Amino acid sequence: PLTGSQHGDGIRVGLYYGNVGNSQVGTATIANNTVSGYQKRGIVVDGPGSSATITSNTVTGIGEISVGAAQNGIEILMGAEADIASNHVSGNECDTTPNCLPDIRDAIDGAEQSAGILLFLPGDVTVESNTVSNNDQAAFLPASAESTVVNNVQKKFTSRASIPAIVVLVSSATIRSLSSS
């Protein structure tokens, strides 16, 4: 059910517990799936050593959610690596006040925000030719990120009606490619 819980993934690869132990490494090819009905994340790849190729999927959130957790379409977390291409990601919107705020920069202070594609401390990631629409209109990059690359790529998205939600937080790894059709 859609509640405030930060659980309920459609497809999960790997599970990272930090220094606590019991982490699980996973690898997967996730292709040609329809992912919907998830509570928190449509597709998540989590932890060092975990990796996935994510292609030609349709990932659809519930839309404007007024209860519980902010949904995210695709998440790559905590050192995981991924190639993300030719996916359709939409309907990840958080509309719960005060839990969800209109700007991803506010989310850093404990509130939440939804994203189509969320990269949080990832390993090497390639993101290209995805259609990302009707998610919370938010993109956040810290001052140390290669924001110029992202800004140039965002101009290539065909729809000017919405801004793709790509969130990148600091990582020592390299993002090899970032493009869209």
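Contact here means heavy atoms within 4.5 Å. In this predicted model, T131 is in contact with N87, H88 and V89, its neighbours within four places in sequence being left aside. T131 belongs to strand β12, which spans residues 131–133. With a relative accessible area of 35%, T131 is partly exposed, because that category lies between the limits of 20% and 50%. The C-alpha atoms of T131 and S90 are separated by 8.2 Å, although the two residues stand 41 positions apart in sequence.

Strand β4, formed by residues 41–46, is mostly covered, six of its six residues being buried. Two strands pair with β4. Strand β1 (residues 9–13) is joined to β4 in the parallel sense through four bridges, and D9 has R41 as its bridge partner in β4. Strand β7 (residues 72–77) also runs parallel to β4, with five bridges between them; here the bridge partner of V44 is E75.

The structure contains four salt bridges. A network of such interactions links D9, R12, R41, D46 and E75. D9 and R12 meet through their side chains, with an N to O distance of 2.9 Å. D9 also forms a salt bridge with R41, in which the closest N and O atoms are 2.9 Å apart. This pair links distant parts of the chain, since D9 lies in strand β1 and R41 in strand β4, 32 residues apart. A further salt bridge joins the side chains of R12 and D46 at 3.1 Å, N to O. This pair likewise links distant parts of the chain, with R12 in strand β1 and D46 in strand β4, 34 residues apart.

The accessibility of the linked residues was also examined. D9 is partly exposed, with a relative accessible area of 24%, and R12 is assigned to the partly exposed class at 33%. By contrast, R41 counts as buried at a relative accessible area of 12%, and D46 is buried at 6%. The assignments of R41 and D46 follow because both values fall under 20%.

A polar atom of the S114 side chain lies 3.0 Å from the backbone oxygen of Q71. When residues up to four places away in sequence are not counted, S114 touches A70, Q71, N72, N92, E93, C94 and D136.

Terms used: Residues numbered from 1 in each chain as written. Predicted model: local features only at pLDDT ≥ 70, side-chain atom pairs only at ≥ 80, totals over all residues. Heavy atoms only, no water. Polar contact = N/O pair within 3.5 Å; in protein donor to acceptor, adjacent residues only side chain to side chain. Buried < 20%, exposed > 50% of the residue type's maximum accessible area, 1.4 Å probe, protein only. Pairing = 2+ DSSP bridges.
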